[in-house]
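Here's a quick tour of a structure, written for someone just starting out. Have a look at it first, then work through the points below.

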Amino acid sequence: MSPAGNGASLASQPLPFATPAHVRLKVEQASYAYSATDRSAPKFTLGPVSFEAQRRELVAILGPNASGKSTLLKLLAGLLKPLSGRVEVDGKEVSELEPRARAQQVALVSQESELLFSLRVWEYVLQGRYPYGKRLRFESDEDCLMAGNALSQVGADSLRDRWMDQLSGGEKQRVILARALAQRPGLLLLDEPTQHLDIGGKVELLRRLRRLADENRYTVVVVTHELNLAAEFSDRIALMHKGKCLRMGAPVEVYQREVLEEVFETPLEVEIRSSGRPRVILSGNH
Amino acid sequence: MRPLTPKRIVGICAGLGALLFIEVVISLRMGDYPLGVRDIVATLYHGALGQWDAVPSEFKLVVFGLRLPRIALGILVGAALSTAGAGFQALLRNPLADPYVLGVSSGAALGAMLSLIVAPHTVGAIQIAAFVGAAATIAAVYFLGRRGGQLDSATLLLAGIVAASFLSAIIIFLLTMVTGTELRSMTFWLMGDLTAPPPTTNVLGWFGFLFLIFVVAAGAMYTTSSDLNLILTGEQEARHLGVNVNRVKMVVYIAASVLTGLAVSVSGAIGYIGLLVPHVMRLLFGTDYRLLLPTSAIGGAIVIVLADTLARTVVAPTQLPVGAMTALAGAPVFIYLMRKRMR
């Protein structure tokens with residue numbers, strides 16, 4: 001797998017299908033349906049969706065609101081059990097794993113939730129070690145070491161004694177990411193992590209996720225609305241539309257003008273940059 | 001990085017415990033019958049060892065017969081209310097939640113009133129009726145507060161508020177129909193007071209029974225303290241990290257309700273303790289529930305013993321209900337905390 005920066009080769013040719021040993025995440029015809037009550041007709045249906053993600057891969061899930069992105073992410077996280085099909089992480093059906101065992105393999109960063117009472121950064125990051133102990137637990141030296149490593153990985157060493165509610169948006173997002181890394185997962189799932197960040201923070205976060213995938217062998221799946229950042233940093237894109245995975249592939253394959261216009265219902269233009277990565281701009285005639 | 005250790009919890013609790021002990025000795029001194037610190041400590045020491053011959057009988061009566069039961073009741077009620085308050089604040093994800101917010105106290109007061117009307121002279125009836133009233137309200141609010149088969153914080157809070165106002169209306173209705181001494185007893189349930197005598201002559205057994213209920217309920221809540229820490233930073237992530245959120249909510253709901261029912265059935269509705277003490281402990285020792293629950297319990301005991309000592313001495317020989325004292329001091333603190341949060 002090519003690291004970031006070697007985008008031209010990535011973009012110009014489809015990825016070779018992974019050999020099973022490298023496959024971390026395998027989604028096979030997975031589907032899901034929500035309904036108001038058990039007896040009523042489903043209000044929203046997802047799938048069936050199929051794709052694979054390897055170690056060191058960054059996959060972006062794109063699509064308009066209510067297209068099924070978050071539902072797909074919950075299926076990957078094992079929080080929902082697929083109605084049909086399978087979601088496997090390292091060869092095991094993820095929704096059937098015991099929650100703590102699952103949390104040691106898969107980390108989920110949800111959309112930001114408000115903290116009721118503030119706590120110190122290191123206390124927050126240590127919470128990521130919860131799956132490694134008994135229910136009522138006190139942290140071991142190893143837990144502290146892992147939490148410290150996680151903070152270093154996101155460049156947040158200096159924040160460790162700060163209060164969570166005194167951090168900037170970007171700092172907070174890094175700390176939330178550190179808690180996920182303290183779980184020592186192989187698969188990292190993020191639900192719209194760029195939502196509350198300014199453009200600098202967004203780029204920094206995506207760059208960091210790219211580096212975690214390249215250098216630390218994480219498989220990263222990120223749900224986002226940022227078309228251009230996704231094109232710039234991800235290996236593959238899943239484009240969701242009305243509960244279906246419309247396209248799956250390298251950014252340059254997925255970013256086709258007609259397809260994007262249909263999905264986002266907005267006139268758009270796609271240009272290919274010198275790096276070989278596509279860029280989406282608003283079309284002039286709207 | 002200095003993670004919380006059991007040693008640190010024990011250390012802090014021992015410090016608070018010592019503070020409580022000093023306060024208890026001071027409180028035992030206060031009153032019409034003068035007692036020296038040395039007399040009190042000697043009386044407590046010999047009493048604890050069962051050496052009654054070494055204790056003057058009037059000391060025994062004043063310390064063990066009059067003042068200590070009231071202090072012990074205060075300790076129990078303060079600890080129960082504060083622990084329940086900390087639990088409800090996490091459960092309802094609302095820092096301004098207190099043990100009475102779900103209508104538990106109104107239910108207990110109604111139960112107590114009905115027992116005063118139906119069986120005014122039956123020993124223990126009022127405590128049992130108050131507890132049953134609290135339990136019935138808790139059950140009703142629980143079933144009203146569910147959404148999609150799960151406890152939903154906002155729905156639960158609304159159901160509690162509605163239940164409380166409905167029950168209050170019935171209480172007002174009953175108040176208009178009673179007179180004299182009954183009215184005075186009923187006011188006691190609405191204001192909160194520690195002067196109620198135990199319903200049995202076996203005072204030690206009675207307190208043993210009450211403390212046993214406290215230990216079981218507070219202990220059950222304590223087993224969820226690591227889980228509560230995670231739930232407070234986001235329910236979905238807690239679920240993903242392996243916390244059984246529904247089970248934790250159920251345990252906290254039942255335990256906090258039992259603690260509230262326990263307190264309210266022996267002392268009426270003493271306000272503000274369950275709301276404010278957990279906040280003060282958070283300010284002092286942080287938000288970690290593994291430390292917050294035990295410090296809140298001891299802190300609640302400290303505050304209520306202080307409040308009750310003041311209540312029976314500031315306007316002596318007249319005694320104020322302790323609930324009036326806590327409300328007097330608690331309301332300004334509450335407003336301060338609320339304003340601070342809004343800023």
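Let's begin with chain A, which is split into domain 1 (1-105 + 187-256) and domain 2 (112-184). Keep in mind as you go that this is a predicted model. Chain B also comes in two parts, domain 1 (16-63) and domain 2 (87-269).

**Inside chain A: where the domains touch**

- How many residues of domain 1 of chain A are in contact with domain 2 of chain A? There are 13 of them, and they meet 10 residues of domain 2 of chain A.
- On the domain 1 side of this contact in chain A, helix H3 (99-103) and helix H7 (199-216) each bring at least two residues.
- H7(A) has the largest share of that side, with six residues.
- Sorted by class, the domain 1 side that touches domain 2 in chain A has six nonpolar, four polar and three charged residues.

**Inside chain B: the domains**

- Take the centres of domain 1 and domain 2 of chain B over their C-alpha atoms, and you'll find 33 Å between them.

**Inside chain B: a pair of helices**

- Now look for helix H5 (residues 125-144) and helix H6 (residues 153-175) of chain B, which pack at an angle of about 140° with their axes 8 Å apart.
- Why is H5(B) called oblique to H6(B)? It's because of that angle of about 140°: over 145 degrees would count as roughly antiparallel, and 65 to 115 as roughly perpendicular.
- The crossing of H5(B) and H6(B) is right-handed.
- From H5(B), the residues making the contact are Thr137(B), Ala140(B), Val141(B) and Leu144(B).
- H6(B) answers with Leu156(B), Ala159(B), Gly160(B), Ala163(B) and Leu167(B).
- Count this helix contact by class and you get seven nonpolar residues, two polar ones and no charged ones.

**Between the chains**

- Where chain B meets chain A, 26 residues of chain B are in contact with 28 residues of chain A.
- On chain B's side, helix H9 (225-231) and helix H10 (235-240) each supply at least two residues.
- Which helix of chain B gives the most to the side that touches chain A? That's H9(B), with five residues.
- The chain B side that touches chain A is made up of eight nonpolar, 12 polar and six charged residues.

Conventions
Residues are numbered from 1 along each chain as its sequence is written. Chains are lettered from A and ligands numbered from 1 in the order in which they are written. This is a predicted model: local features need pLDDT of at least 70, side-chain atom pairs count only at pLDDT 80 or more; totals for chains, interfaces and linings use all residues. Two residues are in contact if their C-beta atoms, placed from the backbone, lie within 7 Å. Helices (H or I, at least four residues) and strands (E, at least two) are DSSP runs, numbered from the N terminus. Ala, Val, Leu, Ile, Met, Phe, Trp, Tyr, Cys and Pro count as nonpolar, Asp, Glu, Lys and Arg as charged, and the others, Gly among them, as polar. Domain bounds come from an automatic or database domain assignment. Axes are lines fitted to C-alpha atoms, for helices over the stretch in contact, and angles run from 0 to 180 degrees between N-to-C directions. Angles under 35 degrees count as roughly parallel, over 145 as roughly antiparallel, 65 to 115 as roughly perpendicular and the rest as oblique. A crossing is left-handed if the near helix is turned anticlockwise from the far one by less than a right angle, and right-handed if clockwise.
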